[in-house]
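Subject: Structure handover

Hi,

Here is the structure I promised to pass on. Please open it alongside this note; my findings follow below.

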Amino acid sequence: MTQAQAQAAALDALTRRVTGPVIRPGADGYEEARRVYNGMIDARPAAVVRCATADDVAAVVRHAADLHLDLAVRGGGHSVPGFGTGDGAIVADLSPMQRVEVDDAARTATAGGGTTWSGFNDAAAAHGMATPGGILGTTGIAGLTLGGGIGYLSRAHGLSCDNLLSARVVTAAGEHLTASEEENPDLFWALRGGGGNFGVVTDFTYRLHPIPENVLVGLMFFELADGPAVFRFFDDMIDDAPREYGGYPAMHLAPPLPFIPEERVGQPFAAVISSWTGDMEEGQRFFDRFRQVARPAAEMVAPMPYPALNTLFDPLLPPGLQHYWKAAFVTRLTDDAIAAHLEHGARMPAITCAVHIYPVNGAVHDVAAGATAFGHRDATYAANIAGMWPDPAENEANIAWVRDYFAAIAPHSEVGGYVNFASGDEQDRTTDNYGANHGRLTEVKRRYDPDNLFHLNQNIQPHPVPLPRDARP
Ligand SMILES: Cc1cc2nc3c(=O)[nH]c(=O)nc-3n(C[C@H](O)[C@H](O)[C@H](O)COP(=O)(O)OP(=O)(O)OC[C@H]3O[C@@H](n4cnc5c(N)ncnc54)[C@H](O)[C@@H]3O)c2cc1C
């Protein structure tokens with residue numbers, strides 16, 4: 001039997017073992033199944049297994065390990081480097097696993113590993129609650145939480161991973177484990193920021209928080225000339241800002257939204273995107289502080305349910321755009337850093353590009369730096385230069401813009417960046433991205449995944465320096 005025949009026979013056996021479909025090249029649905037959110041990724045996996053149960057996941061993990069195949073694990077498929085797929089890989093696609101169960105009395109929610117934030121938020125909001133998630137509804141809870149998880153509610157309630165109470169995990173050995181403070185605490189520590197390096201999470205249980213029926217949302221677009229004063233004000237106030245405030249400074253080309261004058265669509269602006277989860281009048285007064293610094297050229301301030309805020313920008317960023325991102329942790333928005341943002345933000349090449357400078361202070365700083373794997377908790381911001389554009393013919397120009405922008409802010413940033421905003425060509429920065437937590441991550445990796453089966457991610461290597469072949473045990 002040739003190797004190809006043996007692999008086909010093994011896939012036949014896997015197909016009989018799992019409840020979800022196994023989609024192979026040439027099969028109906030393969031073209032759609034091999035795609036992830038980033039349209040730049042054109043990988044052709046050996047098979048995509050739509051996992052419906054934790055046992056399906058375990059079967060795929062064992063299959064990949066036994067056949068020494070690359071294993072790609074897919075939650076929401078939003079990974080910018082396209083880690084949810086791979087050429088010749090077997091993909092454990094958890095998208096069928098989207099059940100969300102809310103326990104009202106315990107104020108917790110348990111969600112399947114393929115859930116996206118829109119589904120999670122709708123289920124939690126039906127009980128008047130929420131937990132910190134990302135700013136879009138289409139992003140997966142899995143990759144976002146495992147890398148940290150930054151969003152509107154982070155200043156109030158911490159990162160998504162800070163609200164994780166327990167996880168059900170399929171390990172590299174194909175075992176089902178619970179990870180929590182009580183059970184396998186070392187694994188639980190690593191899952192909270194260490195990404196998909198340690199196993200496949202089939203269920204996430206989160207702490208929920210009461211959320212008002214409406215949050216106040218503010219989109220303010222300021223002239224570039226007012227950018228320095230507005231961003232300076234933001235940096236001066238954010239350390240002591242009430243935790244109800246969940247906004248961020250941003251650079252944007254004005255999108256085609258109803259409140260933007262038609263002739264200004266596509267022009268560059270210094271923006272502040274704000275949310276407020278407290279009393280509405282107090283929120284209005286807080287947002288007014290920005291107007292006292294400079295008059296917005298365009299603005300929209302309105303109350304809306306939290307799930308509506310979380311899906312507000314989804315239509316502007318459909319799947320299939322080209323993506324290339326870079327990430328930096330930042331302590332202070334100095335005048336020089338602000339000047340760099342305004343200079344490079346003004347040259348933004350596509351209307352879908354964005355630069356967001358997310359505060360990661362407030363409740364994120366309540367958690368000790370070594371309490372979870374998330375790196376650089378002392379940073380004030382996680383900055384994200386998000387190149388997003390529709391036309392592959394524009395790849396070179398957009399990637400160059402992201403790299404130039406990053407080079408300009410790097411001298412004003414810390415050495416690492418948030419792993420979930422990093423591109424695929426930054427594996428050599430993983431040590432920096434975790435800072436003092438990297439050593440312990442390596443130890444946990446060695447314990448749970450010594451052969452690095454889970455390597456399609458911002459990879460934590462089980463051995464910091466690869467051993468020469470003749471020195472391997
Ligand atoms: C448009 C856009 C907006 C974003 N907004 C935010 C934001 O507001 N805040 C923020 O913090 N981040 C944000 N991100 C970054 C986001 O956190 C990462 O892209 C994250 O990896 C996405 O998770 P996913 O499950 O959708 O991705 P996937 O591509 O499915 O997976 C990402 C990584 O996690 C691993 N993984 C996926 N599922 C599992 C699982 N069940 N068990 C173990 N490992 C798994 C994968 O193998 C891969 O390495 C955004 C990304 C995009 C593209």
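Is R243 buried, partly exposed or exposed? R243 counts as partly exposed, because its relative accessibility is 36% and the partly exposed class lies between under 20% for buried and over 50% for exposed. Keep in mind throughout that this is a predicted model.

Salt bridges

R243 has a partner. Its side chain meets that of D366 in a salt bridge, at 2.6 Å from N to O. R243 sits in the loop between α8 (227–238) and β13 (248–253). D366 sits in the loop between β17 (354–359) and β18 (381–389). The pair therefore ties together parts that are 123 residues apart in sequence. D366 has a relative accessibility of 53%, so D366 counts as exposed.

A second pair is K326 with D425. Their side chains form a salt bridge at 3.8 Å, N to O. K326 belongs to strand β16 (residues 322–330). D425 is in the loop between α12 and α13 (430–434). This pair ties together parts that are 99 residues apart in sequence. K326 counts as buried, with 9% relative accessibility. D425 is partly exposed, at 40%.

E101 and R99 make another salt bridge, at 3.1 Å from N to O. E101 is partly exposed, with a relative accessible area of 47%. R99 is also partly exposed, at 43%.

Salt bridges link R232, D235, D236, D239, R332 and D335.

Helix packing

Next, a pair of helices. Helix α11 covers residues 335–345, and helix α12 covers residues 395–409. They pack at an angle of about 165°, and their axes are 9 Å apart. That makes α11 roughly antiparallel to α12, because an angle over 145 degrees counts as roughly antiparallel. The crossing of α11 past α12 is right-handed.

Which residues make the contact? From α11 come A340, H341, H344 and G345. From α12 come W401, D404, Y405, A408 and I409. By class, the contact has five nonpolar residues, three polar and one charged.

One place to start looking is the R243 and D366 salt bridge. Then turn to the contact between α11 and α12.

Best wishes

Key: Residues numbered from 1 in each chain as written. Predicted model: local features only at pLDDT ≥ 70, side-chain atom pairs only at ≥ 80, totals over all residues. Heavy atoms only, no water. Axes fitted to C-alpha atoms, helices over the stretch in contact; angles between N-to-C directions. Helix = DSSP H or I, 4+ residues; strand = E, 2+ residues; numbered from the N terminus. Parallel < 35°, antiparallel > 145°, perpendicular 65-115°, else oblique. Left-handed = near helix turned anticlockwise from the far one by under 90°. Contact = heavy atoms within 4.5 Å. Nonpolar A, V, L, I, M, F, W, Y, C, P; charged D, E, K, R; others polar. Salt bridge = Lys/Arg side-chain N within 4 Å of Asp/Glu carboxyl O. Buried < 20%, exposed > 50% of the residue type's maximum accessible area, 1.4 Å probe, protein only.
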